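Please read them alongside the coordinates.

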Protein chains: 2
Amino acid sequence: MTDTHWRPVKRTRTFEDVLAQIEHRIAEDGLTAGDRLPAERRLAEQLGVSRSSVREAMRVLETLGVVSSQAGRGPDAGAVLTSRPDSALTDVLRLNLGLATLELREVIDTRLMIERWAAAQAARARAGTSALAEALKGMDEAGSAEEFVEHDTAFHCAIAEIAGNRLIAAFMRSLRESMSRYAVEAVERLGDTSGLQADHRRILRAVQEGDPEEAAQAVTDHLAHAYPAGG
Amino acid sequence: MTDTHWRPVKRTRTFEDVLAQIEHRIAEDGLTAGDRLPAERRLAEQLGVSRSSVREAMRVLETLGVVSSQAGRGPDAGAVLTSRPDSALTDVLRLNLGLATLELREVIDTRLMIERWAAAQAARARAGTSALAEALKGMDEAGSAEEFVEHDTAFHCAIAEIAGNRLIAAFMRSLRESMSRYAVEAVERLGDTSGLQADHRRILRAVQEGDPEEAAQAVTDHLAHAYPAGG
DNA sequence: GACCACAATATGGTCAGACCATACCTAATC
DNA sequence: GATTAGGTATGGTCTGACCATATTGTGGTC
């Protein structure tokens, strides 16, 4: 076994090693959101690597939404474990949309799947519908397409919140945000938003009356109005 | 204008600036997967920042699955734009699960939503079922729980592939991978996998026969068997 | 003793420059 | 023409310095 076919001595980059160590430590020590990680310099010393490598690992963790860094001193300074998957998901979707490898159609279909589920669940829960009514009012008063979309997003995300699954709600928010540009275009192309508002009232009614099937169907029709099959 | 109240000269970190520049360049120049970014040193020079900052930005982009770095020389070397949202999504979910801010229940419910959708869509498509049958065979011959879960994942992901939405398929893979540890535990707790295999055959049959409702219901029952309400 | 100004300190953020590892490219060699 | 040795552009890592920020300690003042 002394000859060819050397398993490469080093396949993982240093910062990946650091990542693994940190993740292992999280699992091992049972760290949760709010706990602090050692300072960069100290971590570098502990792991026997340079601070650069630690920093690159930190950037990754920050990107993944599990660490938040704060300069200065005191209890709130340093690298603190958090759990904010939202921006991470949003960034992943937005950038991959920008690279045109994901079709808008696929994103919209995903939204449809999630919104149907959320509306049906919300109808089963039948709670917190006041937030929905609130968002509806805002939309009536919206001037620009941007404003309308903003309130529209709030309305749809509120449904997901009511449904009570944070992961799905996070997906929902990320999908909406990453395609907000296209949503504005769709509204502008449509011109008149009264039809969409009628859809919203229908959805709200179905949720209030606790009718999951009607809620899901209302959402389906709504998205079909907003994004006609053509595009 | 020489005195107090300076709006902070610098609110964004340098690497965030680099990120924005790169994203802008992607949109502006219409870069897509396969295109190359300038070398780190060159980019640093162009943007007037240090190479460290460029590297941290690269780490972020790599984490988000839109850049792949390769050392060496030649056409494949350097930072190449890609589009691999899978690992990014997986990492986000896995780490956030590890921080215990997401309940396993929420992840499973999300899986259920996606798998119901995928199975129904696959039944409408009625294509590529040979891959499903293939995965079934592998599971029959699986010895350990790990092996079983591996083939199980292949089976379920194959359904998502058939459904033809890459974003949802990516979600599916990420969910499965990030909770694979718990899947193994569930299988070990269950002991006998013949019931799960019967479910699989039922799902396959429904897809082959093009019965979306039955396919969705079969998936629902399957997950209920694998993860009883208790946990 | 209470309060305030200022220095000390710990933290992340950035930079510069060096060196290593990798992989392609080129030219000399056979 | 094939092989081989060097050149070179790339990412990966390290070191050490300095800056920006925010808390903490310290001493003086009232």
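In which helix is A:Arg176 found?

1. A:Arg176 is found in helix α8 (residues 166-178) of chain A. Helices here are DSSP runs of H or I with at least four residues, numbered from the N terminus. The model is predicted: local features need pLDDT of at least 70 and side-chain atom pairs pLDDT 80 or more, while totals for chains, interfaces and linings use all residues. Residues are numbered from 1 along each chain as its sequence is written, chains are lettered from A in the order in which they are written, and side-chain values use heavy atoms, without hydrogens and water.

2. A:Arg176 has 3% relative accessibility and therefore counts as buried (under 20% relative accessible area, 1.4 Å probe, protein chains only). Beyond its neighbours within four places in sequence, A:Arg176 is in contact with A:Arg111, A:Glu115, A:Val149, A:Asp152, A:Thr153, A:His156 and A:Cys157; contact means heavy atoms within 4.5 Å.

3. Between A:Arg176 and A:Ile108 the C-alpha distance is 9.4 Å, with 68 residues separating them in sequence.

4. Helix α11 (residues 212-226) of chain B has 15 residues, which at 1.5 Å a residue should span 21 Å; the end C-alpha atoms are 21 Å apart, which agrees. The expected span is 1.5 Å times one less than the number of residues.

5. Buried residues of α11(B) include B:Pro212, B:Val219, B:His222 and B:Leu223. Among the elements covering the buried residues of this helix are α5 (104-125) and α10 (194-208) of chain B.

6. Chain A superposes on chain B by a rotation of 180° with 0.1 Å of shift along its axis, RMSD 0.2 Å (least squares on C-alpha atoms of residues with pLDDT of at least 70 in both copies). That is the relation of a two-fold axis. The copies meet through the same surface, because 100% of the interface residues of chain A are also interface residues in chain B.

Terms used
Helix = DSSP H or I, 4+ residues; strand = E, 2+ residues; numbered from the N terminus. Buried < 20%, exposed > 50% of the residue type's maximum accessible area, 1.4 Å probe, protein only.
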